[in-house]
Amino acid sequence: MLAQTSIKIKVRNLFFSYAETAVLKDLTVDILDRSITAVVGPSGRGKSTLLSIFNRLWEDIPGARMKGSVHIHLDGTDRDIYHPACSLPDLRRKVGLVFQIPNPLPMSIYKNVAFPRKLAGGSSKQQVMDAVETALKQAFLWEDVKDRLREDARSLSGGQQQRLCMARALVVNPEVLLLDEPTSSLDAEATEIIEQLILSLKENCTIVMVSHDMAQVKRVAERWLELSEGKMMANGRISAPACRAR
Amino acid sequence: MRTERLVQHLLGLAAACSVAVTVLIFGFMVILGLPLITGGAFFQMFTSPWLPSQAVYGIAPMMVGTVSIAGLALAFSFPVSLGCAALISVLGTGPLPALLHRLVRFMTGIPTVVYGFAGIFVLVPMIREWVGRGSGMCIFSAALLLAVLVAPTMILFFSDSFSSVPKAYLTAADALGATPVQKLFHVVIPCSWRGLITGVVLALGRALGDTLIALMIAGNATAMPGSVLDPARTLTAHIALVVAADFDSLEFRTLFACGIILYVCTTLMVIFTRRVGAVSERRLWRSA
């Protein structure tokens, strides 16, 4: 049973296009608070685009255009994230995004995870250290890296790099976590760890993940949203997520 | 097959010629400067003043003049170039970056003498008014103008290395809520430090090697400068001035020492640039 049913993300009449190509057509959907929602559908039908709309990362792409409204419930208030008064850095700290291919920055493991805290400012060194440790523990990475925090993050394995990127997103306590096919570049073992991690994060944040793998969607997600031809084909609840008992 | 070999030999010969020219120039300077070296006056030159009337041909004031004008020019130019490159590659929006880039490339094509003229008619009178003494021709004026001259070298090199920072790093920083300025200082600059150093070294080479600006603006005094508002003479300007008046005396021979110093400095800089080489690093980034 879902613990809460309040709406976290409210999308209304969303249209999106790259140059002349329409990607999303009149999408209206609600995403529930503290739930795991999977976005599924064939390639190139706007799944990743939808995630980038939630943290406005598409805005630098030349020729990209959006119409419609997106409201996210952040800091206890309903916010129109495309309102000119909405602070972009603030939004991106509250709505974290983890990419398909792990993208650690060319710095140490510690600095990578501490980076968003440093950008946000206002934390003491000790606070940052504590937050980094908590985030690494949340991402099931602390045991692997606690003795090598000063090493270059790019020396980690693919699965570890992806967990590092999750820790980096978690260190600023986001309310929404967007995951763009987070396991597509990983082997089965690393995938299983990430799936467990995603399930464990649900207590604290709303997760929206893109996935190609329907078996994974069934294991992890509670709700799913199918996009095809830029339209929503189906939006519903998965009856019995197999993984939830784990 | 035969033409292949012929072309190979021809190209080899061309390469050998260009190497030989450089080596020969150095050899020529050492041989012509030999009377100085054997006469024991070689090292003395680096510490003594320039007093031809007393047969003292030291180049210490010119060395100080060169280093202070080039150093000061770089100090003026570096922050401006960094900001300009950041605008071109990272911070600028709309048509501004492209316009700025075109303007900087245009600046590289302006003859040095045009800068010199602008300096004499605009900058020097302004400095004279501001200082309230002297002719306005001083280290400070020459350094300011030289800063403008070397800026395009730095800007183009900096913006090139800023642009080659992998997109994945920039997107990662964006997604983590970095503002454009934070992205510049925390990601772009740390990723391109090799390019920055190479740009600075090349600009320094250009500043040390430039003759005309110092000749026209610095005042050419042979006395040891006491402050940046004093006139000074650089090694390059010194060579140009002495050559214009003389060609076979001990005075003239000292020019070879100046030449050797400039040659060695430039060679060291080229070696340093190769070592640090932004090029190899950029290749690493691309494959990462």
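**Exercise 1.** State how confident the predictor is in chain A of this predicted model, and find a stretch where pLDDT stays under 50.

Solution. Start with the average: the mean pLDDT of chain A is 86. Next, take the share of residues that reach 70 or more, which is 91%. Where pLDDT is low, the predicted coordinates should not be read in detail.

**Exercise 2.** Decide whether the radius of gyration of chain A agrees or disagrees with that of a compact globule.

Solution. Chain A has 246 residues, and a compact globule with that number would have a radius of gyration near 18 Å. The value for chain A is 18 Å, so the two agree. For the extent along the principal axes, the C-alpha trace spans about 50 × 40 × 35 Å.

**Exercise 3.** Describe the secondary structure, burial and contacts of chain A.

Solution. First count the elements: eight helices and ten strands. Then turn to burial: 41% of the 246 residues are buried. Last, take the contacts with a separation of 6 or more; 70% of them join residues 24 or more positions apart.

**Exercise 4.** Work out which helices of chain A each supply at least two residues of the side that touches chain B, and give the classes of the residues on that side.

Solution. Begin with the counts: 13 residues of chain A are in contact with twelve residues of chain B. The helices asked for are α2 (88–94) and α3 (109–120) of chain A. By class, this side of chain A has eight nonpolar, two polar and three charged residues.

Notes. Residues numbered from 1 in each chain as written. Chains lettered and ligands numbered in written order. Predicted model: local features only at pLDDT ≥ 70, side-chain atom pairs only at ≥ 80, totals over all residues. Helix = DSSP H or I, 4+ residues; strand = E, 2+ residues; numbered from the N terminus. Rg over C-alpha atoms; globule rule 2.2 N^0.38 Å. Buried ≥ 20, exposed ≤ 12 C-beta atoms within 10 Å, placed from the backbone. Contact = placed C-beta atoms within 7 Å. Nonpolar A, V, L, I, M, F, W, Y, C, P; charged D, E, K, R; others polar. pLDDT = per-residue confidence, 0-100.
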